[in-house]
Structures are given as structure tokens and as C-alpha cells.
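Biologist: I would like to go through this structure and ask what stands behind each word you use.

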Amino acid sequence: MAAHRKPRQRSIGGHTARTAATLALASAATATGFDGTGHAEPQLTPAQVKAKVDKLYQEAEAATEKYDGAKEQADTAQRRLNALRDETAHKQQKLNTARDALGSIAAAQYREGGFAPAWQLALSGDPDRYLDDAAFAERAGDRESAAVSRVREQLREIEQLRGAARVELTSLRSRQAELRRQKKTVTGKLAEARLLLARLTPQERTEVTGAGGTGPGRASRSASDARDALEQTGSASAPNARAAEAVAYAYAKLGSPYVWGAAGPNAFDCSGLVQAAYRSAGISLPRTTYAQINAGRRVTRSELRPGDLVFYYSGVSHVGIYVGNGQIIHAPNPSAPVRLAPVDLMPFAGATRVA
């Protein structure tokens, strides 16, 4: 009988050890490649972060203005649709009353043994089809013909209103889809900016955003304090009382948070602040920068006076209110509240006097 030998244990050495080491190195290299530590993005300087964040905020604000415009149009379409539905319901009620009257007369004629074609209309399951009979009016008596003509006209009006309502509903759905698209763009840009800012230390973040530029004293100024501040700038006074009132409103809102799509009273985006300021002065302005720049008389950079609207960037995507002394008040972005800023802080696109 052959002896059973215990298998000999192989030591980890020589070729086997070299193979294990090679696999370990390969594994480490692979892991490094996948977790990104081997090709990590270079650490951005605060200046680079600022440049990227500023660009993201500018793109977000351009999308915000499109969102504001789409919302304004959606709200208008909704109001028109509601009005059409109300009018349709009112006319339907009148039609039902007219049909009931025809039905009463038809019942009376039936009891008397006659059943004129006019009353067949009231009892028809499909009055529209029945009314298409060209000889109907000739067969009906004068009184009945006039009553049926009124019913026929009411049917026509109701159908026209329903058609208009269908058009408005299609428009509303289109505007709502545009709202969703622009909202997605805005939130995406702002989220990317937040991630970039999160890489910085609190001090670097303050330097990049300039969030400490508006003190609490300015944020709590009353409208009367704002007028006093306007008089103390040493610049030309506002051209009229309404412009001065808009400037006073803007001063009173210093320190208010930026919220995209907001138009007050406690939070604003850039065009929302302008709209709210002039609404307080009794002047109705459009909602978006694209429309606001055409709402008044254009003025040059050298002609600026307190209350004028100053627009920025080639796409006219930002606006502030000129308050004199080379400064504007504007709602900058989510990292900074409503604040004073130099009028030349951003690329000048134009200016408008609306009061």
C-alpha cells in the first residue's frame, strides 16, 4: 500500500511573492485611478473660485430673468383661461335658461296637439345638428324662430369660448414647461456655485463673495433715513418725487436676502427689487430686465441721476437702481444681500429713466 504523503506547503517567495507584489501594486494603482486621488483636480485659488462662481451667478441670473418672464406669461395665460372659463359658464347658464323656456312652450304646444319644429329643437338630444337644417327657420314661426336663433347664437359663442380656452390651455402648459426648464438651470448653476464656495475657508468665502459689505445699520434704515442719505451723497438730486421714493425704498431694503424669482417685500432678485421699488412709487414696471430696459427713456452713463435703472452684461441680465455718488443698490446673488455697489462694478449695458 502506498504511503499517504502530506502535501508540501509552498512558501510565499520567489515567483509567487513577485506575482503577489505586482498584483498589489496594480490594485493600488487601479484604486487610485478610480477614487480620483491620483488625478485629483488641482486646488483652486480663491481668485479662481471667484471667477468661476461669478460666471455661474451670471448664468444663473440670466436663467432667472427667463424664469421671471415665463412666470409672468404663465400667470397672464392662467388669468385669461380663468376668465374664459367663467364667461363660458355664464353663457352656458343663459343657454340652459333659454332651452328651458323653449321646452315649456313646446310642452304647451304638444298638449294642444301641435308640435312645431322649433320645439323639436328643445327636445333634441343633439340640438347643434338639428340647428344645421337650413329650412328650419322657414318652418318655425316668427316668435319661435327668434328664440331658436338666440339659442343658436349662444351655442356658437360657447363653442368659440371653448376654442379660445383650449388655445390658452396649450399656451399655459408651454409656459409651465419653460418654467420647469429655467428652474432646473437656475438651481443647477447655484448648486455648482455652492460646491465651489464650500471648498473655501470662511474668511476666503467672505473675501470672494464680499458678504460683509453691508452692515446691519444699513439694512435697518427707514425710508426717511434713506432720503437723508440720498441728500448727503453730494450728487445731483433725483429728477422727481417718484424717483426719490424708489431710491428711498431701495435704501430701506438694504440687507434683504437675494432669492431668485422674488419681488419682495422681504426678498428680491435684481429685477424684482427694481419692480418693487417703483411699485412703491406708483409706477408699474415689467418683471424682467429685458423688458425693463425698454420701459423708459434711455440715458447715457454720464447722464445718470438717482432713480435711473442701470443694466449690465451683454445679455442685459442684471439691473440696479442708481442712487448717486457713483453707486447703485442692487440684489447681487444668493451669496450676498441687497447692497450698495460701485456703478462700474459690472460691464455696463445701458441705462433707462422711468420716472
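Biologist: Which residues does Asp-68 touch, not counting residues up to four places away in sequence?

Modeller: Asp-68 touches Gly-261, Asp-269, Ser-271, Arg-287 and Thr-288. Contact here means heavy atoms within 4.5 Å. This is a predicted model, in which local features need pLDDT of at least 70 and side-chain atom pairs count only at pLDDT 80 or more, while totals for chains, interfaces and linings use all residues. Residues are numbered from 1 along each chain as its sequence is written, and side-chain values use heavy atoms, with hydrogens and water left out.

Biologist: Why is Asp-68 called buried?

Modeller: Buried means under 20% relative accessible area, exposed means over 50%, and partly exposed is in between (1.4 Å probe, protein chains only). Asp-68 has a relative accessible area of 2%, so Asp-68 counts as buried. Its place is in helix H2.

Biologist: Why does Leu-155 count as buried?

Modeller: Leu-155 has 14% relative accessibility, which is under 20%, so the word applies. Leu-155 is found in helix H6 (residues 142-198). Leu-155 and Gln-92 are 63 residues apart in sequence, and their C-alpha atoms are 8.3 Å apart in space.

Biologist: What makes helix H11 largely enclosed by the rest of the structure?

Modeller: Nine of the eleven residues of H11 (residues 270-280) are buried, so the helix is described in that way. Among them are Cys-270, Leu-273, Val-274 and Tyr-278. H11 is followed by Gly-282, whose phi is positive, near 85 degrees.

Biologist: Is His-330 buried or exposed?

Modeller: His-330 is buried, because its relative accessible area is 3% and the limit is under 20%. His-330 lies in strand S4 (residues 327-330). Residues that His-330 touches include Leu-273, Pro-337 and Met-346.

Biologist: What joins the side chains of His-330 and His-318?

Modeller: A polar contact of 2.8 Å joins them. A polar contact is a pair of N or O atoms within 3.5 Å; within protein, one must be able to donate a hydrogen and the other to accept it, and residues adjacent in sequence count only if both atoms are side-chain atoms.

Biologist: How do you know what is a cavity and what is a pocket?

Modeller: On a 1 Å grid over the protein atoms alone, a cavity is a set of points where a 1.4 Å probe fits but cannot get out. A pocket is an open set with protein on both sides within 12 Å along at least five of seven lines, and lining residues have an atom within 4 Å of a point. There is one cavity of 30 Å³ or more.

Biologist: How much space lies in the largest cavity, and which helix gives the largest share of its lining?

Modeller: The largest cavity holds about 40 Å³ of space. H2 supplies the largest share of its lining, four residues.

Biologist: How much space lies in the largest pocket?

Modeller: The largest pocket holds about 510 Å³. Of its 23 lining residues, the closest to the centre are Lys-50, Asp-54, Pro-332, Asn-333 and Leu-345. H2 gives the most to this lining, with six residues.

Terms used:
Helices (H or I, at least four residues) and strands (E, at least two) are DSSP runs, numbered from the N terminus. Grid points are joined across faces, edges and corners, and a volume is the space filled by probe spheres set on the points.
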